[in-house]
Amino acid sequence: MPTIIIDRFDGKNSFEQSYKLDPADVAGKTVLNTLLFIKQTQDPTLNFTASCRCAICGACAVRVNGHAVLACDTKMDDLAKTYGSDTFHISPLANFKVISDLVVDWEPAMENLRKVHPGMVAKSEFSMKEGCRQNQKEFDRIIKQWDCILCGACASECNKLSADRSDYMEPFVFTHAWRVANDSRSKDPLLHGKPAVAGGLWNCVHCQECASRCPKGISAADDIAGLRAMVMAKGMTDGVGPAHAKSFYTDLVEDSGRLNEVRLALRTEGISTIARAGMAVTLLRQGKMNPLEAFGGETIEGHDALVKMIQAAHAAEKE
């Protein structure tokens, strides 16, 4: 018999509760329909959120067996095939404060969204009469980000938020900042870029979990990369993050095409790198680092082609 284990919270105590269902009770049903069935037939005290039931509003996102899903768009039959089991553990989204059972507090995330000013301020040359016009190419630059439904799946999966949320905003916040900053009609992209930097833009750990779990196929990691390139192009080049990015570029294009880890640390953090001398000694002993690499190395095969590819990419961005 299918078993649904749900993480409960009554405002004071956290506990797990199991519900036994007949196979017919879950066959063909979505996770949301299953939760509704449990609430209607077994436990009216179970709390969760849902609205459109059409994968548009994002309200019903939960975790199943540790991974964020959109409950109204995920079938129990598919989960059974994926996990090879008829036991499912349903939990609230991670990295949010739990209010009751599967219901989480969205207000802190919404406050972060407000910080990046997700509403567009149009260029002054656009008139009230003619509006803000775009061609198809300009529209295509932001069309994917408009698909974000604020379900919170990316935030739930984010390893940076799990480790330390004190200096980092939810991934979808950066997606919305990039959407409006990259809009051809936007008056000042830095209106959104500056608060994104203040909110931890350079602290993403590149785990790609946001991209792998988004039900709409959006990559917040790509949006973060776009924002980083934009703020640097606009002159925001101070700090460890921009220095790290510039060091990567220097190694790949201007030097040998091979990442030089010794110089990368020095270029990124300067003399403060000495504070991790102990780690450097350990790496040397294990053969993981060669100090002679600080003076450069052989240019990789095909370096000229690599440089041409990067230059072509830059040229394409300007078109």
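Student: How much space lies in the largest pocket?

Tutor: Good place to begin! Keep in mind that this is a predicted model. Of the 40 residues lining the largest pocket, A225, G226, R228, A229 and E317 are the closest to its centre. The space in this pocket comes to about 1,500 Å³.

Student: Which helix gives the largest share of the lining of the largest pocket?

Tutor: Several helices take part, so let's list those that each supply at least two lining residues: α5 (136–140), α8 (171–181), α11 (220–233), α12 (240–254) and α15 (303–318). One of them provides ten residues, the largest share, and that helix is α11.

Student: Moving on to charges, how many salt bridges does a search of the whole structure find?

Tutor: Here is the idea behind the search: side chains of opposite charge can pair when their charged atoms come close. A salt bridge is counted when a side-chain nitrogen of Lys or Arg is within 4 Å of a carboxyl oxygen of Asp or Glu. Over the whole structure, the search finds eight.

Student: Which residue meets R8 in a salt bridge at 2.9 Å, and how many residues apart are they?

Tutor: The partner of R8 is D43, with 2.9 Å from N to O. R8 sits in strand β1 (residues 3–9), while D43 lies in the loop between α2 (31–41) and β3 (61–64). The pair links distant parts of the chain, 35 residues apart.

Student: Where in the structure are E111 and R114, and what separates them?

Tutor: These two form a salt bridge, with their closest N and O atoms 3.0 Å apart. E111, at 36% relative accessibility, is partly exposed, and so is R114, at 44%. Both are in helix α4 (residues 107–115), and because they are three residues apart there, what separates them is about one helical turn.

Student: What is the N to O distance between R185 and D183?

Tutor: R185 and D183 are both buried. Their side chains meet in a salt bridge, and the distance from N to O is 2.7 Å.

Terms used: Residues are numbered from 1 along each chain as its sequence is written. This is a predicted model: local features need pLDDT of at least 70, side-chain atom pairs count only at pLDDT 80 or more; totals for chains, interfaces and linings use all residues. Side-chain values use heavy atoms; hydrogens and water are left out. On a 1 Å grid over the protein atoms alone, a cavity is a set of points where a 1.4 Å probe fits but cannot get out, and a pocket is an open set with protein on both sides within 12 Å along at least five of seven lines; lining residues have an atom within 4 Å of a point. Grid points are joined across faces, edges and corners, and a volume is the space filled by probe spheres set on the points. Helices (H or I, at least four residues) and strands (E, at least two) are DSSP runs, numbered from the N terminus. Buried means under 20% relative accessible area, exposed over 50%, partly exposed in between (1.4 Å probe, protein chains only).
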